[in-house]
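Please keep the sequence and the structure in view while reading.

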Amino acid sequence: EAIRLRPDSAQLRANLGSELLFENRYSEAERAYRDALALDPNLPVALSGLARSLRWQGKIGEAIRYWERALTVEKNPKLVQGIREYLEEAKKQARS
């Protein structure tokens with residue numbers, strides 16, 4: 001409903017992606033995050049969320065690229081640390 005009322009809100013679309021990710025609906029979450037990024041290509045929560053949804057679908061290389069992008073725009077030190085941890089885990093997974 002909120003997205004229908006505010007279709008130009010990248011944050012609302014990212015919020016939907018987060019809900020879908022929590023429900024393990026990874027491909028739907030991916031679509032919601034991509035929609036958010038189409039509206040705001042530098043939205044950190046959408047970049048990181050998209051990376052998580054991709055990782056759970058086995059798209060490790062693409063996930064790594066989005067986490068790397070998220071690191072360039074995220075300003076919150078605690079969130080940067082979390083992104084780095086996800087990124088390192090994904091890189092280990094990609095090597096194995």
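In this predicted model, helix α2 touches helix α4 through Q11, A14 and L21, which meet V45, A46, G49, R52 and S53 on the α4 side. Sorted by class, the residues of this contact are four nonpolar, three polar and one charged. The axes of α2, residues 10-22, and α4, residues 44-56, come within 10 Å and cross at roughly 30 degrees; an angle under 35 degrees counts as roughly parallel, and α2 and α4 are therefore described as roughly parallel to each other.

A second pair is formed by helix α5, residues 60-73, and helix α6, residues 77-95, which pack at an angle of about 155 degrees, and that makes α5 roughly antiparallel to α6. On the α5 side the contact is made by I60, I64, W67, E68, A70 and L71, while the residues they meet in α6 include V80, I83, Y86, L87 and A90. By class, this contact of α5 with α6 has eleven nonpolar residues, one polar residue and three charged residues.

The two pairs can be set side by side.

| Helix pair | Angle | Axis distance | Handedness of crossing |
|---|---|---|---|
| α2 and α4 | roughly 30 degrees | within 10 Å | left-handed |
| α5 and α6 | about 155 degrees | 9 Å | left-handed |

How values were computed: Residues are numbered from 1 along each chain as its sequence is written. This is a predicted model: local features need pLDDT of at least 70, side-chain atom pairs count only at pLDDT 80 or more; totals for chains, interfaces and linings use all residues. Side-chain values use heavy atoms; hydrogens and water are left out. Axes are lines fitted to C-alpha atoms, for helices over the stretch in contact, and angles run from 0 to 180 degrees between N-to-C directions. Helices (H or I, at least four residues) and strands (E, at least two) are DSSP runs, numbered from the N terminus. Angles under 35 degrees count as roughly parallel, over 145 as roughly antiparallel, 65 to 115 as roughly perpendicular and the rest as oblique. A crossing is left-handed if the near helix is turned anticlockwise from the far one by less than a right angle, and right-handed if clockwise. Contact means heavy atoms within 4.5 Å. Ala, Val, Leu, Ile, Met, Phe, Trp, Tyr, Cys and Pro count as nonpolar, Asp, Glu, Lys and Arg as charged, and the others, Gly among them, as polar.
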